[in-house]
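Then look at how aromatic rings pair up.

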Amino acid sequence: MWRRVASLSSSISSSFLAQTASRLNTWESLTTGIAQQAKGVIAPKEKTPFITFVLGGPGSGKGTQCIKIVETFGFAHLSAGDLLRREIASKSADGAMILNTIKEGKIVPSQVTVKLIQKEMELSDNHKFLIDGFPRTEENRVSFERIIGVEPNVVLFFDCPEEEMVKRVLNRNEGRVDDNLETIKKRLTAFQALSLPVINYYSERGKLYTIKAIGTEDEIFEQVRPIFAAFETVG
(Lines give C-alpha, C1' and ligand atoms only; values in the text may rest on other atoms or scores of the structure.)
Protein backbone atom coordinates (compact mmCIF):
# COMPACT_ATOMS: atom_id res chain seq x y z
CA MET A 1 0.00 0.00 0.00
CA TRP A 2 2.78 2.39 0.85
CA ARG A 3 5.22 1.45 -1.94
CA ARG A 4 4.30 4.62 -3.79
CA VAL A 5 5.96 6.76 -1.18
CA ALA A 6 8.98 4.55 -0.57
CA SER A 7 11.02 6.64 -2.99
CA LEU A 8 10.37 9.72 -0.90
CA SER A 9 12.65 8.59 1.95
CA SER A 10 15.43 11.03 2.85
CA SER A 11 18.82 9.39 3.18
CA ILE A 12 21.11 10.31 6.05
CA SER A 13 24.37 11.07 4.31
CA SER A 14 27.63 12.82 4.98
CA SER A 15 26.02 16.09 3.94
CA PHE A 16 23.22 15.69 6.48
CA LEU A 17 24.65 18.09 9.04
CA ALA A 18 25.17 20.78 6.42
CA GLN A 19 21.58 20.40 5.21
CA THR A 20 20.36 20.53 8.79
CA ALA A 21 22.27 23.72 9.53
CA SER A 22 20.77 25.35 6.44
CA ARG A 23 17.26 24.40 7.49
CA LEU A 24 17.67 25.67 11.01
CA ASN A 25 18.68 29.10 9.74
CA THR A 26 15.39 29.53 7.86
CA TRP A 27 12.94 29.44 10.75
CA GLU A 28 11.28 32.50 12.20
CA SER A 29 10.05 32.80 15.76
CA LEU A 30 6.52 31.69 16.65
CA THR A 31 6.08 34.85 18.68
CA THR A 32 5.58 38.14 16.83
CA GLY A 33 7.39 40.34 19.32
CA ILE A 34 11.15 40.60 19.02
CA ALA A 35 11.59 42.43 22.30
CA GLN A 36 9.15 43.73 24.87
CA GLN A 37 9.76 46.35 27.48
CA ALA A 38 8.53 45.79 31.05
CA LYS A 39 9.42 48.08 33.91
CA GLY A 40 12.34 49.48 31.96
CA VAL A 41 13.78 46.03 31.20
CA ILE A 42 13.91 44.59 27.70
CA ALA A 43 12.55 41.04 27.78
CA PRO A 44 14.65 38.40 25.99
CA LYS A 45 13.48 37.11 22.65
CA GLU A 46 11.48 33.89 22.78
CA LYS A 47 13.20 30.77 21.50
CA THR A 48 12.37 29.80 17.95
CA PRO A 49 10.09 26.75 18.06
CA PHE A 50 11.40 23.49 16.64
CA ILE A 51 8.41 21.66 15.18
CA THR A 52 8.23 18.05 14.05
CA PHE A 53 5.18 16.58 12.34
CA VAL A 54 4.71 12.83 12.75
CA LEU A 55 2.63 11.12 10.07
CA GLY A 56 1.53 7.53 9.63
CA GLY A 57 -1.63 5.47 9.39
CA PRO A 58 -3.44 4.10 12.45
CA GLY A 59 -1.29 1.36 13.96
CA SER A 60 1.90 2.49 12.23
CA GLY A 61 3.64 2.73 15.61
CA LYS A 62 4.21 6.48 15.49
CA GLY A 63 2.77 6.98 18.99
CA THR A 64 5.25 4.55 20.54
CA GLN A 65 8.13 6.20 18.71
CA CYS A 66 6.95 9.63 19.84
CA ILE A 67 7.34 8.49 23.45
CA LYS A 68 10.92 7.43 22.75
CA ILE A 69 11.68 10.72 20.98
CA VAL A 70 10.29 12.68 23.93
CA GLU A 71 12.32 10.65 26.42
CA THR A 72 15.54 10.93 24.40
CA PHE A 73 15.40 14.46 23.00
CA GLY A 74 13.08 16.36 25.36
CA PHE A 75 10.22 17.28 23.04
CA ALA A 76 6.71 18.21 24.14
CA HIS A 77 4.42 15.57 22.62
CA LEU A 78 1.16 16.89 21.17
CA SER A 79 -1.03 14.08 19.85
CA ALA A 80 -3.77 15.41 17.58
CA GLY A 81 -5.81 12.28 18.28
CA ASP A 82 -5.48 12.63 22.06
CA LEU A 83 -6.41 16.32 21.91
CA LEU A 84 -9.52 15.48 19.89
CA ARG A 85 -10.50 12.63 22.24
CA ARG A 86 -10.03 14.94 25.23
CA GLU A 87 -12.34 17.47 23.60
CA ILE A 88 -14.90 14.70 23.07
CA ALA A 89 -14.70 13.78 26.76
CA SER A 90 -15.31 17.44 27.72
CA LYS A 91 -18.87 17.15 26.34
CA SER A 92 -18.46 20.45 24.49
CA ALA A 93 -20.32 21.30 21.29
CA ASP A 94 -17.09 20.78 19.35
CA GLY A 95 -16.64 17.46 21.14
CA ALA A 96 -19.95 16.11 19.87
CA MET A 97 -19.12 17.19 16.32
CA ILE A 98 -15.65 15.62 16.57
CA LEU A 99 -17.10 12.30 17.80
CA ASN A 100 -19.58 12.08 14.93
CA THR A 101 -16.89 13.00 12.40
CA ILE A 102 -14.46 10.35 13.68
CA LYS A 103 -17.16 7.65 13.74
CA GLU A 104 -17.78 8.34 10.07
CA GLY A 105 -14.07 7.95 9.33
CA LYS A 106 -13.82 11.56 8.19
CA ILE A 107 -11.27 14.28 8.95
CA VAL A 108 -12.08 16.76 11.72
CA PRO A 109 -12.20 20.36 10.40
CA SER A 110 -8.70 21.80 10.25
CA GLN A 111 -9.40 24.93 12.26
CA VAL A 112 -10.72 22.89 15.20
CA THR A 113 -7.61 20.72 15.40
CA VAL A 114 -5.16 23.59 14.83
CA LYS A 115 -6.77 25.66 17.60
CA LEU A 116 -6.39 22.74 20.04
CA ILE A 117 -2.73 22.34 19.05
CA GLN A 118 -2.13 26.10 19.29
CA LYS A 119 -3.57 26.21 22.81
CA GLU A 120 -1.24 23.43 23.98
CA MET A 121 1.78 25.13 22.40
CA GLU A 122 0.96 28.42 24.11
CA LEU A 123 0.65 26.70 27.49
CA SER A 124 3.95 24.83 27.15
CA ASP A 125 7.30 26.06 28.46
CA ASN A 126 9.03 23.88 25.87
CA HIS A 127 10.11 25.17 22.46
CA LYS A 128 10.42 21.72 20.85
CA PHE A 129 7.12 20.23 19.72
CA LEU A 130 6.37 16.77 18.40
CA ILE A 131 2.96 16.99 16.72
CA ASP A 132 1.64 13.48 16.25
CA GLY A 133 -0.99 12.58 13.63
CA PHE A 134 -1.12 15.99 11.99
CA PRO A 135 -1.43 17.33 9.31
CA ARG A 136 -3.46 14.61 7.64
CA THR A 137 -4.59 16.71 4.67
CA GLU A 138 -3.40 19.62 2.58
CA GLU A 139 -6.12 21.72 4.22
CA ASN A 140 -4.66 20.77 7.63
CA ARG A 141 -1.22 21.82 6.47
CA VAL A 142 -2.31 25.16 5.04
CA SER A 143 -4.43 25.94 8.12
CA PHE A 144 -1.54 25.21 10.48
CA GLU A 145 0.87 27.42 8.58
CA ARG A 146 -1.72 30.23 8.36
CA ILE A 147 -2.82 30.13 12.02
CA ILE A 148 0.48 29.23 13.72
CA GLY A 149 2.66 31.11 11.25
CA VAL A 150 5.51 28.61 10.81
CA GLU A 151 6.38 25.45 8.91
CA PRO A 152 7.77 22.29 10.52
CA ASN A 153 11.50 21.66 10.73
CA VAL A 154 11.11 17.90 10.33
CA VAL A 155 8.35 15.64 9.00
CA LEU A 156 8.51 11.94 9.91
CA PHE A 157 6.46 9.42 7.94
CA PHE A 158 6.10 5.95 9.46
CA ASP A 159 5.61 3.63 6.50
CA CYS A 160 3.86 0.38 7.48
CA PRO A 161 1.94 -2.30 5.51
CA GLU A 162 -1.84 -2.07 5.87
CA GLU A 163 -2.28 -5.58 7.24
CA GLU A 164 0.25 -4.90 9.99
CA MET A 165 -1.47 -1.65 10.96
CA VAL A 166 -4.88 -3.35 11.18
CA LYS A 167 -3.43 -6.13 13.36
CA ARG A 168 -1.75 -3.67 15.72
CA VAL A 169 -4.86 -1.53 16.17
CA LEU A 170 -7.15 -4.47 16.87
CA ASN A 171 -4.68 -5.88 19.40
CA ARG A 172 -3.96 -2.76 21.43
CA ASN A 173 -7.22 -2.86 23.47
CA GLU A 174 -7.08 0.76 24.62
CA GLY A 175 -10.82 1.37 24.43
CA ARG A 176 -10.62 4.10 21.80
CA VAL A 177 -13.86 5.00 20.04
CA ASP A 178 -12.20 4.54 16.66
CA ASP A 179 -10.45 1.21 17.33
CA ASN A 180 -12.80 -1.15 15.51
CA LEU A 181 -12.42 -2.90 12.18
CA GLU A 182 -15.01 -0.86 10.28
CA THR A 183 -13.62 2.49 11.41
CA ILE A 184 -10.01 1.38 10.91
CA LYS A 185 -10.70 0.56 7.26
CA LYS A 186 -12.32 3.97 6.75
CA ARG A 187 -9.38 5.69 8.44
CA LEU A 188 -6.85 3.82 6.30
CA THR A 189 -8.74 4.72 3.13
CA ALA A 190 -8.88 8.36 4.19
CA PHE A 191 -5.20 8.39 5.15
CA GLN A 192 -4.12 6.93 1.82
CA ALA A 193 -6.27 9.31 -0.20
CA LEU A 194 -5.63 12.52 1.72
CA SER A 195 -2.16 12.25 3.22
CA LEU A 196 -0.11 11.46 0.11
CA PRO A 197 -0.29 15.10 -1.12
CA VAL A 198 1.03 16.23 2.28
CA ILE A 199 3.84 13.67 2.16
CA ASN A 200 4.72 14.71 -1.40
CA TYR A 201 4.72 18.39 -0.46
CA TYR A 202 7.17 17.95 2.40
CA SER A 203 9.33 15.65 0.34
CA GLU A 204 9.69 18.40 -2.24
CA ARG A 205 10.51 20.84 0.57
CA GLY A 206 13.32 18.54 1.72
CA LYS A 207 11.79 17.97 5.14
CA LEU A 208 10.46 14.41 4.87
CA TYR A 209 12.10 11.41 6.53
CA THR A 210 10.48 8.05 5.82
CA ILE A 211 10.81 5.44 8.57
CA LYS A 212 10.27 1.76 7.78
CA ALA A 213 7.92 0.92 10.66
CA ILE A 214 8.51 -2.83 10.79
CA GLY A 215 10.57 -4.48 13.51
CA THR A 216 10.97 -4.01 17.23
CA GLU A 217 10.48 -0.61 18.85
CA ASP A 218 14.23 -0.27 19.33
CA GLU A 219 15.02 -1.28 15.74
CA ILE A 220 12.61 1.33 14.40
CA PHE A 221 13.98 3.98 16.76
CA GLU A 222 17.49 3.41 15.41
CA GLN A 223 16.21 4.91 12.15
CA VAL A 224 14.76 7.89 14.02
CA ARG A 225 17.60 8.67 16.41
CA PRO A 226 20.17 9.99 13.86
CA ILE A 227 17.70 12.53 12.50
CA PHE A 228 17.26 14.34 15.80
CA ALA A 229 20.81 13.68 16.97
CA ALA A 230 22.06 15.65 13.96
CA PHE A 231 19.87 18.64 14.82
CA GLU A 232 21.03 18.46 18.45
CA THR A 233 24.64 18.55 17.25
CA VAL A 234 24.05 21.61 15.10
CA GLY A 235 22.08 23.34 17.86
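## Helix α3 against helix α5

The axes of helix α3 (residues 80–89) and α5 come within 10 Å. They cross at roughly 100 degrees. α3 and α5 are therefore roughly perpendicular (65 to 115 degrees) to each other. Axes here are lines fitted to C-alpha atoms, for helices over the stretch in contact, with angles from 0 to 180 degrees between N-to-C directions. Helices are DSSP runs of H or I, at least four residues, and strands are runs of E, at least two, numbered from the N terminus.

In α3, Ala80, Leu83, Leu84, Arg86 and Glu87 meet Thr113, Leu116, Ile117 and Glu120 of α5. Contact means heavy atoms within 4.5 Å.

This is a predicted model: local features need pLDDT of at least 70, side-chain atom pairs count only at pLDDT 80 or more, and totals for chains, interfaces and linings use all residues. Residues are numbered from 1 along each chain as its sequence is written, and side-chain values use heavy atoms, leaving out hydrogens and water.

## Rings around phenylalanine 144

Rings of Phe, Tyr and Trp (its six-membered ring) pair if their centres lie within 6.5 Å; planes under 30 degrees apart count as stacked, over 60 as edge-to-face and the rest as tilted. The count comes to 10 aromatic pairs. Phenylalanine 53 and phenylalanine 144 form an edge-to-face pair, 5.0 Å centre to centre, with 80 degrees between the planes. Phenylalanine 53 sits in strand β3 (residues 50–56) and phenylalanine 144 in helix α6, 91 residues apart.

Both phenylalanine 53 and phenylalanine 144 are buried, meaning under 20% relative accessible area (1.4 Å probe, protein chains only).

Methods. Angles under 35 degrees count as roughly parallel, over 145 as roughly antiparallel, 65 to 115 as roughly perpendicular and the rest as oblique. Buried means under 20% relative accessible area, exposed over 50%, partly exposed in between (1.4 Å probe, protein chains only).
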